[in-house]
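Colleague: I've got a model open and I'd like to learn how to read it. Could you walk me through it?

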Amino acid sequence: MSEPRTLFDKIWANHLVDTQEDGTCLIYIDRHLVHEVTSPQAFAGLRAAGRGVRRPDATIAVADHNIPTRPGARAGTIENEESRIQVETLERNVVEFGVPYYPIEDVRQGIVHIIGPEQGMTQPGTTVVCGDSHTSTHGAFGALAFGIGTSEVEHVLATQTLIQRPAHNMQVDIEGALPPGCTAKDLILAIIGRIGTAGGTGHVIEYTGQAIRDLSMEGRMTVCNMSIEAGARAGLIAPDDTTFGYLKGRPHAPKGAAWDAAVAVWKRLPSDPGAVYDTVVRIPAEEIAPYVTWGTSPQDALPITASVPDPADIDDPDRRQAVQRSIDYMGLRAGQPLREIAIDTVFIGSCTNGRIEDIRAAAAVAQGRRVADSVRALVVPGSGLVKAQAEEEGLDRILTEAGFEWRDPGCSMCLAMNDDRLAPGERSASTSNRNFEGRQGPGGRTHLVSPAMAAAAAVAGRLADLRDLD
Amino acid sequence: MRKFETVTSVGAPLPQINIDTDKIIPARFLRTIEREGLGRHLFNDMRFDSEGNETPDFVLNQPAWRGASILVVGDNFGCGSSREHAPWALADYGVRAILGTDFADIFYNNSFKNGLLPIKLPAADRDKLMEDAERGENARITVDLENQVITRPDGEEIAFEVDPFRKHCLLNGLDDIGMTMERAGSIDSFEASDRIARPWLYAE
């Protein structure tokens, strides 16, 4: 009998091209997603060295970070010159190197981590990389998926491989069912709050337990997406019938006999009974509540019923200083109940929460209610296909009637590279993934929440507990 | 890639924990198709006010530390995004070595591709170096990669660990892609057998 192996161990072994004496490995990359911000220097490097793209059929490209999302804005040229040059550079590079590309006007265009799964590019047991840290999203399919820098983007384009060392295995086990009002976003914020923003450094986290198995693919993507916010190299969830059901019939998914052969391979991927993890964290699902972040690190997460922490209660001097700095930056005071924090802006979207289930959750709260007069509320679907489906379901009408703006797809206010951003001192409830200083615009203040909690905040004009809504 | 040679410099102290890549270089400066010239935006929102004037309190704006080639940093430096613009900005500014306890994985990896040496040290050693760094001028620290030794201003030596492959690449300024291309035969044979095992992942 061979040693029981984890899902990560199996994927790693299946992709080993060779191993050097010192343990450095060359691993094969099955899928490479490319966007306009982290690829121009990589293509320039290929050109300078006279190299081509080894597997264009394993690569897709899309522009997402810089794209305007105001309705009608993408019909014209992009106003910001640097943004326009980045998008035009990608458009030239994909032609020169023969890489499949979803143009801005294509309904399949969207945030790279939304469209990979949508198109069936992301499959169980594959290795998936992209010059973007939220590549961890694709781990929801049982794919080993991680973000890389531009030098590595160039390395993958040229060789379809990466030089890596194996990660450690971490298990995060969530037994039991999530309480009412709690979503995948609350779950992952609770996990990061528990293990900290460096808790997963050097590890791949495999999420297990009933609360994880019960999630839809959309929810699983939300959880894996924020693995990087816990410092992990990647997040993984074992593929099961939910995974196969999502994938079947998608454009790049295997068809006919190949489908059956693929499913047979995929069913052998889950961790063996008795597989050993280097680190194990167990959180009972009943401890999860609707969460919000109060500070400037994703680990600054607390249940909405809590209050801003008091630095005086913290023993570790570095941590105390960090908490004080966050409180000052965020314009809060120690002990202030989170539910009293007034907001100016709501952002619903991003690779974390820009999928159809997220738009449905926001619309369910918005239905029959009004966005507070003091609040600007944006809903930015993650892709053209998410937008089209939401419109077919009438969700756009519910949201616009409630006073939300209904936008075109893109990364938008998650990182404020296009013109959607917070003004200095403005405060948002945002479904994105990072509450870093200045992330949504210089001086902007971000509170991370689930889509339902974001919609509840839009209606209340302050951070609110959706369980308290009339 | 530029070869890493022994560096002697004051250490600029950045004791804050969790300095993320948005702090190292905010996203709005990522709208470039070049690698060069990003040093002017390094730590932009800490180094400059909203009008673009230097903030006098920020360490790299103070005469003792301006242009430092060594940073001594708080825990979990470089967390956040995969942007290689962060090490590009650091290297362009002139930083060559970063002394901390732990670094976010992607940032750590990206640094080595750009002639930048991040060094993971026990907290006690980092704390001693932080004290040295805070003394400013005349407190010069030396980082010797070949011998894997940091020399404090008082002459005390602190040994450090580094992955042998990364050390070799950094000392010789080697390009990863060129080395991997030499193993094209292994990649070809991997693909040939994988094409049989998982044909659905290959275009017909």
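This is a predicted model: local features need pLDDT of at least 70, side-chain atom pairs count only at pLDDT 80 or more; totals for chains, interfaces and linings use all residues.

Colleague: At what angle do helix 2 and helix 3 of chain A pack?

Modeller: Helices (H or I, at least four residues) and strands (E, at least two) are DSSP runs, numbered from the N terminus. Axes are lines fitted to C-alpha atoms, for helices over the stretch in contact, and angles run from 0 to 180 degrees between N-to-C directions. Here helix 2 (residues 40-49) and helix 3 (residues 81-97) of chain A meet at about 40°, their axes 10 Å apart. That makes helix 2 of chain A oblique to helix 3 of chain A (under 35 degrees is roughly parallel, over 145 roughly antiparallel, 65 to 115 roughly perpendicular, the rest oblique).

Colleague: Which residues of helix 2 of chain A meet helix 3 of chain A?

Modeller: Contact means heavy atoms within 4.5 Å. From helix 2 of chain A come A:Pro40, A:Phe43, A:Leu46 and A:Arg47, facing A:Thr89, A:Leu90, A:Asn93, A:Glu96 and A:Phe97 in helix 3 of chain A.

Colleague: Which residues of helix 2 of chain A are buried?

Modeller: Buried means under 20% relative accessible area, exposed over 50%, partly exposed in between (1.4 Å probe, protein chains only). In helix 2 of chain A, the buried ones are A:Pro40, A:Gln41, A:Ala42, A:Phe43, A:Gly45 and A:Leu46. They pack against strand 3 (31-35), helix 3 and helix 5 (150-159) of chain A, together with helix 3 (85-93) of chain B.

Colleague: On to sheets. What is the strand order in the open sheet of four strands in chain A?

Modeller: Two strands pair if DSSP finds at least two bridges between them. This sheet runs 11-10-9-12 in chain A, with parallel pairing. Strand 11 (234-236) and strand 12 (279-282) of chain A are at the edges with a single partner strand each, so one side of each has no neighbour in the sheet. On average, neighbouring strands of this sheet are turned by 20° against each other, direction ignored. Strand 9 (residues 168-173) of chain A joins strand 12 of chain A through four bridges in the parallel sense, and A:Asp173 stands opposite A:Arg282. Helix 1 (residues 7-14) of chain A packs on the sheet, touching strand 9, strand 10 (203-208) and strand 11 of chain A.

Colleague: What about the open sheet of five strands in chain A?

Modeller: Its order is 17-16-15-18-19, again with parallel pairing. The edge strands are strand 17 (405-406) and strand 19 (445-448) of chain A. Strand 18 (residues 427-430) and strand 19 of chain A pair over four bridges, with A:Ser430 opposite A:Leu448.

Colleague: Last one: is A:Gly142 buried or exposed?

Modeller: A:Gly142 counts as buried because its relative accessibility is 0%. A:Gly142 lies in the loop between strand 6 (127-130) and strand 7 (144-147) of chain A. Not counting residues up to four places away in sequence, A:Gly142 touches several residues, including A:Leu7, A:Ile11, A:Leu236 and A:Ile237.

How values were computed. Residues are numbered from 1 along each chain as its sequence is written. Chains are lettered from A and ligands numbered from 1 in the order in which they are written. Side-chain values use heavy atoms; hydrogens and water are left out.
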